[in-house]
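Hello,

Here is the model we talked about handing over, with my notes below it. Please have a look and tell me what you think.

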Amino acid sequence: MRHLGTCLFILLLSACSNPTSKTSQYYGFSIDLPQKQDSKAHQYTHTLKVNTVKMSGTADQQGIVQRLDNNIVSVAQYHFWAENPRYMLTRSLTHTLSGQLPTWKIIDSEVPATPLNSYTLSIVVDDFAGHYAVGSLISGRWFVYTYQNGSPELLMHRRFTLTEPLKENGFSPLVQALQNSWQELSKEIASEFIDITQSQGGIN
């Protein structure tokens with residue numbers, strides 16, 4: 001399986017390095033259109049502010065990143081994210097959280113109000129790439145803050161590493177695998193906040 005993964009990744013790279021194919025391609029996560037909501041005002045029990053995702057190190061690239069064997073990192077020359085990944089990931093995260101947490105008010109972190117039952121989510125992504133052995137790779141850390149007497153207080157800190165094999169060679173399957181992993185992480189985070197609503201005692 002390791003050799004198969006390496007072969008697939010060599011084929012993936014060939015699409016980037018082929019001198020006869022110099023047309024730039026741009027990629028992004030697909031997001032379902034929001035469903036029509038009830039016209040009645042929704043009663044939210046909690047508020048969650050979502051900070052813009054921070055991209056660290058080689059993850060902070062407009063070109064799609066690939067981690068190769070022998071500790072080599074390659075940045076695609078003709079295959080790019082349609083926007084800075086931090087904004088794409090933040091929008092996808094917010095969309096998933098809103099769907100998973102219907103009783104939570106999901107807002108941008110720039111909103112100044114800090115009402116009762118308010119939390120802030122921050123994510124730092126260290127790896128956001130294709131990987132020669134595992135397919136796609138996303139890793140990093142996420143943090144949850146609450147407010148005590150108007151000041152933020154760290155409530156939770158988690159590390160994460162998510163991988164998914166590619167179904168076939170190419171950048172489109174890689175983008176899809178990265179999106180699947182990011183949605184999985186978003187749902188895992190949402191489940192932690194569901195625990196808050198059930199326990200009303202915070203996160204341990």
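A word on burial before anything else: a residue counts as buried under 20% relative accessible area, as exposed over 50%, and as partly exposed in between, with a 1.4 Å probe and protein chains only. By that rule, buried residues make up 42% of the 204 residues in the protein chain.

This is a predicted model, in which local features need pLDDT of at least 70 and side-chain atom pairs count only at pLDDT 80 or more, while totals for chains, interfaces and linings use all residues. Residues are numbered from 1 along each chain as its sequence is written, and side-chain values use heavy atoms, with hydrogens and water left out.

**Layout**

The protein chain has 3 helices and 9 strands; these are DSSP runs numbered from the N terminus, with helices (H or I) of at least four residues and strands (E) of at least two. Their order from the N terminus is α-β-β-β-β-β-α-β-β-β-β-α. Taking a contact as heavy atoms within 4.5 Å, residues 24 or more positions apart account for 71% of the contacts with a separation of 6 or more.

**The core**

I use nonpolar core for a set of buried Ala, Val, Leu, Ile, Met, Phe, Trp, Tyr and Cys residues joined through side-chain atoms within 4.5 Å. The largest one has 40 residues, and those with the most contacts inside it are Leu97, Ile123, Val125, Phe128 and Trp182. Two or more residues each come from strands E2 (46–50), E5 (72–81), E6 (104–108), E7, E8 (135–148) and E9 (151–164), and from helices H2 (85–100) and H3. H3 gives the largest share, 11 residues.

What does Val125 touch, leaving out residues up to four places away in sequence? Its neighbours are Val53, Lys54, Met55, Ser56, Ala59, Leu89, Ile138, Ser139, Gly140, Phe160 and Trp182.

**Helix H2**

H2 has 16 residues and reaches 22 Å from its first C-alpha to its last, close to the 22 Å expected at 1.5 Å a residue; the expected span is 1.5 Å times one less than the number of residues. Its buried residues are Pro85, Met88, Leu89, Thr90, Ser92, Leu93, Thr96 and Leu97. An α-helix has 3.6 residues a turn, so residues three or four places apart point the same way. The cover over the buried residues of H2 includes E2, strand E3 (54–55), E5, E6, E7 and H3.

**Aromatic rings**

Rings of Phe, Tyr and Trp (its six-membered ring) pair if their centres lie within 6.5 Å; planes under 30 degrees apart count as stacked, over 60 as edge-to-face and the rest as tilted. The structure holds 8 such pairs. In one of them, Tyr119 and Phe193 have ring centres 6.4 Å apart and planes at 70°, so they sit edge-to-face. Tyr119 belongs to E7 (residues 118–131) and Phe193 to H3 (residues 171–199), so the pair ties together parts that are 74 residues apart in sequence. Tyr119 is buried at a relative accessible area of 9%, and Phe193 is buried at 0%. Elsewhere, ring pairs link Phe29, Trp81 and Phe128 into a cluster.

Tyr119 also turns up among the contacts of Thr146, which touches Ser118, Tyr119, Ser151, Pro152, Glu153 and Leu155, not counting residues up to four places away in sequence. Thr146 lies in E8 and is buried, with a relative accessible area of 10%.

**Charged side chains**

There are 4 salt bridges, each a side-chain nitrogen of Lys or Arg within 4 Å of a carboxyl oxygen of Asp or Glu. Here are some of them:

- Arg86 meets Asp60 at 3.2 Å, N to O. Arg86 is in H2 and Asp60 in the loop between E3 and strand E4 (63–68), 26 residues apart. Arg86 is partly exposed at 21%, and Asp60 is partly exposed at 32%.
- Asp127 pairs with Arg67, with the closest N and O atoms 2.8 Å apart. This bridge links E7 to E4 across 60 residues. Asp127 is buried at 16%, whereas Arg67 is partly exposed at 25%.
- Arg141 and Asp126 meet at 3.0 Å, N to O. Arg141 is in E8 and Asp126 in E7, 15 residues apart.

Best wishes
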